[in-house]
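A short briefing on each topic follows.

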Amino acid sequence: MIKHSDKKSVAERLFALILSVFFTKKIVRFIFFKFHSYFNHHKVSAIGAILMPFVLLFISLFIKLDNNNKKRIKIKLRHLYPHVSEPISTPANIIRVLLQSLYLAIFKVSTKHQPTETVIKTSTRLFSRIFTLLAFVDRKLTRKCKRLWLRLRIGSKSKSYQRVRKATIWNSKFLKIALYFVIAFAVFVFITVPFSLEAQAIYISLILIVAYSLRRVEGQIATITMITLSVTTSTRYLWWRFTDTLNWGDPVALALGMGLLLAETYAWLVLILGFFQTINPLQRKPIPMDSDTSKWPTVDVYIPTYNEPLSVVKPTAIAAQSIDWPADKLNIYILDDGKRPEFAELAKEIGVGYLDRPDNSHAKAGNMNHAMKYTDGEYIAIFDCDHIPARSFLQMTMGQFMNDEKVCLVQTPHHFFSADPFERNLDNHRKIPNENMLFYGLIQDGNDMWDATFFCGSCAVLKRKALDDIGGFAVETVTEDAHTALRMQREGYKTAYINIPQAAGLATDSLSAHVGQRIRWARGMAQIFRLDNPLLGKGLSLVQRLCYINAMLHFLSGIPRIVFLTAPLALIYFNAYIIYAPFIAIFLYIVPTLMQVKITNSRVQGKYRYSFWGEVYESVLAWYILKPTTVALINPNKGKFNVTEKGGLNDTARYDWLISKPYIVLLLINVVGMCYAVFRLLFGDVSQIGVLLISMIWVSYNIIILGAAVAVAAEAKQVRSSHRIKANFPAAIRLENGRTIKVKITDYSDSGVGIETISEHPCRENDKVELLMSRGKKQFSFPTYICNTRKNQIGLTLRDLDLAKQKAFIQCTFSRADAWIDWQENFKHDRPSYSFKHVFITSLRGFTNLIYHAPSQFKPFIILMANIINFVVSLLPKKPIKYYNQYD
Amino acid sequence: MKKVFLKGIKGGTGTTSIVANLACALRKSDEDVIAIDLDPKSDLGLHFGLSWEHTSGWSNYLSFESALDEFHIDDDGVIFLPFGTLSASTQRTQKTIESAQQLQVNDNAWLLFDCPAHQDLQDYDLSSHDIVLEVINCDAICHSLIYRRLLQLNQSSKKWQHYFLINNYNSASELESDLLQIWQSETPLLAPVHINKDEVIKESTAFRNVAVNCAPYSVAYDDFETLASWLVTRAADND
């Protein structure tokens, strides 16, 4: 100590002199000792090192700082301030100490350990009690409503009511027209009478009460009631928007407001037409054929192909040969626009026809028109080269033709056994209905009711005579299928739809291929709208026109969707009141209408499309179909046919930045808008808080939808090259030692089979096993190798099958009549809140994907952001560490 | 009583194993079954687990009534009667068949007769309710023999229901699958059931048991079950 004091510098000695005025020598030495210790030893900053001794002295006034106390205090402090680590006096740590002290002072937190169960239990018990009570009340109410409803229905069977219904007075045409007029007038009055806010509130509550009471009631009449209510509510809403909410004063707001209004009108139109289209799906039953096969007509099967690989087309051609139809009346042709010699060889090997043509004009339609010159079947069945038909295809469809001469087309659903980009990238396969389920499951069925089914390009049979009447397949547009059906219907023919899938094919491989396909459809539909408008021209009934128009309108959703995604930003950025109405009015009009429409849609589309996913699908496509449809509407002859690729393989997981650029831009605009809105909320005009809040809610909804769209662009890795199809039918295997085991086929692909045994099996990998499968009365045996085994499951690969065995295999698997029959049965009915939660989770996934797949330039930035966030979070107060007091 | 006669179209087609397994399959459906061996080879008992040292059967006795002691019952409840060591003439066999029908059993019981391949069934006095299953294998010799038999049946005044039953069918063999396809489309009187080749049928005899008991998860089990139910419907149609 004495040595130390010899080496003091001038500043130190001066300081020591000052201090010795206040403190004793011992304490001065203590201060210097502590200072040196902190500064040199613990590397604390100078200021900290100077202050610390004084702090210690201050504390020692109150507490005796001997060894034991010090230790105990140190331990307690470590528990109370768990996130503060040595050295204590960095700026960050000071902030931490301050915040934690505040936290400890305000919230009484004990360091004694409490068994976690009681804490959680008390809070959750209260919540769960409330929930059970609500659920109980809900069940009782809906049951009462159901009973009431049924009583009303039974009442309708009463005699007096029936007498009124059946009275012949209704047959008078005059009375009918008069009644329609009265109803139309009443509806018009009802829609246009302006409600005060209170009246609107009461009206809305009534509507919602009715919607709630009809929740559990099943049946067509309840659905029609809901639809009627939705129609009235949304029409009233639209009328209110047109008459009451345009801001004539402000030109910017007016322009933007008109834009939004037009988008909403589009949505309303699509809604109304949609309800009308799907109100009563026909669910046509197949008609069996005459038992005398000599009366059956000849059928040509066309399999057009362009650049698809051989492995995709081969199973289709083989399966087509196995269709149940007299062999002399069935002719199969591969129409190869790629003019590939290996396809000609394949056709010869399998025993099907092969047609190619000198040029490639008009793509698929031209191909088929050319083929029609060289074939002469009375009916033409068309399969895309990857759609493998079931053996029962013709049995299910031809009966319609035999029954009614005027039928020119029978269409069956397009079902996919592989996952489309949405399902694959979001891991939704078989969990939620996919995008085309709505169309083939519900919309086409609804179209069938009004005789407005149109040709979808594949899995259908057409009458040759009808095609000859219209001069072959239509070539003016890129969706030649819908156009051909439209022309045939104009000629007076009828169409039919059988809602049982008879073939399954490959879904589009990647998001870009998917978007490319939809662009083509959108362009084609817009071309048809311009060139052969279903609203004009002869040959169609009013309902048919409306159904076709609805199909076309669906593809014009590009602009309205973009408008919806950016509308709330008008208020936030430009302070433009696009909906010029007080906050309460907006709330009372918009929210209930949206809810009502959502509930009705959920009810109508239940198993075919889950709520909110429609917005996601639309958002993904919106930007891309914008330009082609607008261009096609203006000049229908521009633009070329780009073929959809099928059969490719993704070998890495990557993010498709090119495709997702529009969504990311939109997302950025919305996120920035959100931040700006928060800023305005805190610092802006108080009077605008209401509308700001509504805009923020809308923006957050948009962000969620866009997040889900962004999530789709993350292409998942595809491991298998051949797609596996789920199945459930019996088979058997014969082992090398001659024993047999009954098994169940759980999945198959074109080169392998997955089986399940009832009990444990003695098989091991690489064993040779004979697979015995039957088709009808025939039993086939296939040599296979075991590629993997688990307790009850075995994976088999087929190797080196000759052509006859390949044919037999496809007959036993892909061609089975019940192969696709459960395409819809796995899906439960839609529940909007669950669906929204799912979309939300998908959206979060989208954001994490963005960050995970960020290009390397952004990575340092992201790491920096992550570090900043981590740092800020570390400053926040934390719960003190609990410890077991050993004396308790 | 329902009578079913099983014989091979030629020797070695596996008739006796079918009798044993069919008896067991019928027994599993709670039918009363009595299997009687009319084949001098006397091996039906071996299929039911009878020891090889036990050689006597109905042929060792002068009358059927005195042979009642030779009836055995196996663990499943199938009653069977071995042939024995002495030879028997056609009349004696015919007497045995008739006496079997006098047994004091359920009217719905099944009588399965294991007949030798060389036996001409016209020697027996069969009625129109009797079912004859002629066991064949899928090869070209049996193909010719089938058509010989069909010619014979056309020329004779047969009254019984005759079916050809395929045994030991191997679907991996090209010849067999082709023949089966031809027979299914062209040959009359083919039974709709066929018994697949399955090692368990052989292996179960090593256990002194039948395949139906030893391998419930095999194809053979399914085949015999189907055969049994088909026979039940055949017999029901007869009544």
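In this predicted model, chain A and chain B bury about 1,500 Å² between them, and carbon and sulfur atoms give 45% of that area. The size of an interface is often given in this way, as the accessible area lost when the parts come together.

**The interface of chain A and chain B**

- On the chain A side 16 residues take part in the contact, and they meet 20 residues of chain B.
- Across this interface there are 10 residue pairs in polar contact, counting pairs in which both residues have a pLDDT of 80 or more.
- The elements of chain A that give two or more residues to the side touching chain B are the strands β13 (725-734), β14 (740-748), β16 (768-775) and β17 (778-789).
- When the residues on this side of chain A are divided by class, 4 are nonpolar, 6 are polar and 6 are charged.

**Salt bridges between the chains and within chain A**

- Between chain A and chain B the count is 2 salt bridges.
- B:D222 forms a salt bridge with A:K742, and the closest N and O atoms of this pair are 2.9 Å apart.
- Over all chains, the count of salt bridges comes to 29.
- Within chain A, A:D324 forms a salt bridge with A:R775, with the closest N and O atoms 3.5 Å apart.
- A:D324 lies in the loop between α13 (310-321) and β2 (330-336) of chain A, whereas A:R775 belongs to strand β16 of chain A, so this pair ties together parts that are 451 residues apart in sequence.

**The largest cavity**

- The count of cavities of 30 Å³ or more comes to 1, and the largest cavity has a volume of about 30 Å³.
- Which residues line the largest cavity? The lining is made of A:A522, A:M525, A:A526, A:F529, A:M552, A:F555, A:L556, A:T629 and A:L633.

Conventions
Residues are numbered from 1 along each chain as its sequence is written. Chains are lettered from A and ligands numbered from 1 in the order in which they are written. This is a predicted model: local features need pLDDT of at least 70, side-chain atom pairs count only at pLDDT 80 or more; totals for chains, interfaces and linings use all residues. Side-chain values use heavy atoms; hydrogens and water are left out. On a 1 Å grid over the protein atoms alone, a cavity is a set of points where a 1.4 Å probe fits but cannot get out, and a pocket is an open set with protein on both sides within 12 Å along at least five of seven lines; lining residues have an atom within 4 Å of a point. Grid points are joined across faces, edges and corners, and a volume is the space filled by probe spheres set on the points. Contact means heavy atoms within 4.5 Å. Buried area is the accessible area (1.4 Å probe) that two parts lose on being put together, summed over both. A salt bridge is a side-chain nitrogen of Lys or Arg within 4 Å of a carboxyl oxygen of Asp or Glu. A polar contact is a pair of N or O atoms within 3.5 Å; within protein, one must be able to donate a hydrogen and the other to accept it, and residues adjacent in sequence count only if both atoms are side-chain atoms. Helices (H or I, at least four residues) and strands (E, at least two) are DSSP runs, numbered from the N terminus. Ala, Val, Leu, Ile, Met, Phe, Trp, Tyr, Cys and Pro count as nonpolar, Asp, Glu, Lys and Arg as charged, and the others, Gly among them, as polar.
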